[in-house]
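Dear colleague,

Here is the structure I said I would pass on. My notes on it follow below.

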Amino acid sequence: MSSSTFISITTLTAACKQQPRSTWPLEACEVSSMASNSSAALVFRLHENTPEVVREVLLERGWEEYDPQEHEEGDWNLYWRTSAFRNFDYENILPWQRLNHHPKTSSMARKDCLARNLRRMRGTYGATLYGFSPTAFILPNDYTRFLEVYSKTRLENAGKPAYWICKPVDLSRGRGIFIFEDIKHLVYNSPVIIQKYISSPLLISGYKFDLRIYVCVKSFCPLTIYMHQEGLVRFATEKYNLTSLDNLFSHLTNTSINKFGPFYTTDKERVGQGCKWTLSKFRSFLHSQGINELLLWQKISNIVTLTLLTMAPSIPSRPNCLELFGFDILIDSNFKPWLLEVNYSPALSLDCPADVMVKKGLINDLIDLMNYRKVDGLRQRGCLRRRYKRTCCLRSPSLLRKDHKAFVTPKSVSEKKRQRQSSLNSLNGENPEWPSVEGSLSAPGPALHPACQNSKVVTVSGNKKSSPPHTEGTTCWTECPEDSLREHRQITRCFSTNACRLPAIHAHKYKPPLFTWDHRTHEMTIPSLRVGDFILTFPFNEVTQKASQGALDVKTVLHETKTACYSL
């Protein structure tokens, strides 16, 4: 083995003193490189059609964009897509990587799926909890049931008109939506949902509006929900009028429709130009009208939690993922909030100053929620440092040399590279022996510290093509208590320079049972109450926190939510 593989404990200790304990190097050959790259740039990877503001924000934060010509496969920290990821992407995610979608969440944005889930929960737990969304009929399957309700409503109203809204189940941005009063105007050529139209919305100077609430689900197991304090208020650009149901600029609030309206650039009474406010401006308006905006916020928070509970138990648990939803909320004249729909990959285009103010801050806070650390910038070099706390190899003559990619490359990628290398070697008449990692509880080796004697021992051996076989010393990957590690480190430093010991790498400090560590996600199981403008809304007490651990206890969560609703 070459002399460059050896390093004295004095050299290693001196190098480690220059860095915080959490960033001490794993391998001697990386001491200098890691010291100089402790603030290595994070790398982002964008799929096609990703909004430009995402790239802009990440570059402003000092990130680098992934380039397949310059970066190795897997050498990135964030992969952002507007569409769903493949199962392959979730199965091969690496510790330093994040994805901006959880698996199987795109169905929530389909209006028919959301309607079915809400109907099921309403039938199981009652309309008291799940009465925040108008009853939906999915046509053509529910046509007979809708016809019965339609006829009954006409009789109950004694001839007064009842209004209905029809929406295609798989379209967004207001496409294909129309409002009708008489069933003879109901015409469709694809699956649609029909809901009773909320004909008495809260108006501002005669203009209809709704709220775009941004919600981040940090985890589905345990369920962790954040709501962003800043959002958008989207206005119709013509005054509300029930006598003109076909005027979309009066009844729909979608920006993609209203920005083409004749009065979009007009300075409208109190609303101003354009069709958007920030949520903070809307709260100021409510406060000026003597309206309790905190009560309204709490009601909206309950709607978000109850809606996500309809699908949370069916979402598979995947680490290093999060999901940004856009909840559209309408407030009626009685100040009751109604859920209109849920948006998957909500629009992040910048159409006006309100968009710039809200969405750039939103993306910045979303990145902060991903809990990146300095070691993530090292990617492959930093992976093992987060996976193992300590290497126990007393009296070992050298630091162990390991093949990083054997540990951190996705299985499918690693196997392909190995097959290619094997083919090249067979063409050259070579038969190299790959380094092997074998577990043994009785493997021979130097004496171990008492804190490590009960740990699983892993023997690492290997040989080079041009060198005689050489067996390294015994290595123990262990989860030692911090006190034992600190004592062991002092013992280690007393040995001769040939007895090299790696420092503690991943010794977490926590206070059980209040703060427990999740080794799958490297995060505290009790999340931060606030990250930027993201406010933790679930779990909201100790009972819901316990109910969200492991298999989600929906009944307990609903009981606590119901209690919170009654206390408002």
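In this predicted model, the axes of helix 3 (residues 52-60) and helix 11 (residues 353-369) come within 10 Å and cross at roughly 60°. The two helices are therefore oblique to each other, and their crossing is right-handed. On the helix 3 side the contact is made by Val 53, Val 54, Glu 56, Val 57, Leu 58 and Glu 60; helix 11 brings Lys 360, Ile 363, Asn 364 and Ile 367 to it. By type, the residues of this contact are 6 nonpolar, 1 polar and 3 charged.

Next, the cores. The largest nonpolar core has 53 residues, and the members that touch the most others in it are Leu 211, Phe 282 and Phe 327. Helix 10 (residues 293-309) is the biggest contributor to this core, with 8 residues. For Phe 282, setting aside neighbours within four places in sequence, the contacts are Ile 204, Phe 209, Leu 211, Val 233, Trp 277, Leu 296 and Ile 331. There is also a second, separate core of 30 residues, with Tyr 214, Ala 354, Leu 362 and Val 531 among them. As a general point, nonpolar side chains tend to be buried together in soluble globular proteins.

For the chain as a whole, there are 17 helices and 24 strands. Of its 568 residues, 51% count as buried. Among contacts with a separation of 6 or more, 67% are between residues 24 or more positions apart.

Regards

Note on methods: Residues numbered from 1 in each chain as written. Predicted model: local features only at pLDDT ≥ 70, side-chain atom pairs only at ≥ 80, totals over all residues. Heavy atoms only, no water. Axes fitted to C-alpha atoms, helices over the stretch in contact; angles between N-to-C directions. Helix = DSSP H or I, 4+ residues; strand = E, 2+ residues; numbered from the N terminus. Parallel < 35°, antiparallel > 145°, perpendicular 65-115°, else oblique. Left-handed = near helix turned anticlockwise from the far one by under 90°. Contact = heavy atoms within 4.5 Å. Nonpolar A, V, L, I, M, F, W, Y, C, P; charged D, E, K, R; others polar. Core = buried A, V, L, I, M, F, W, Y, C linked by side-chain atoms within 4.5 Å. Buried < 20%, exposed > 50% of the residue type's maximum accessible area, 1.4 Å probe, protein only.
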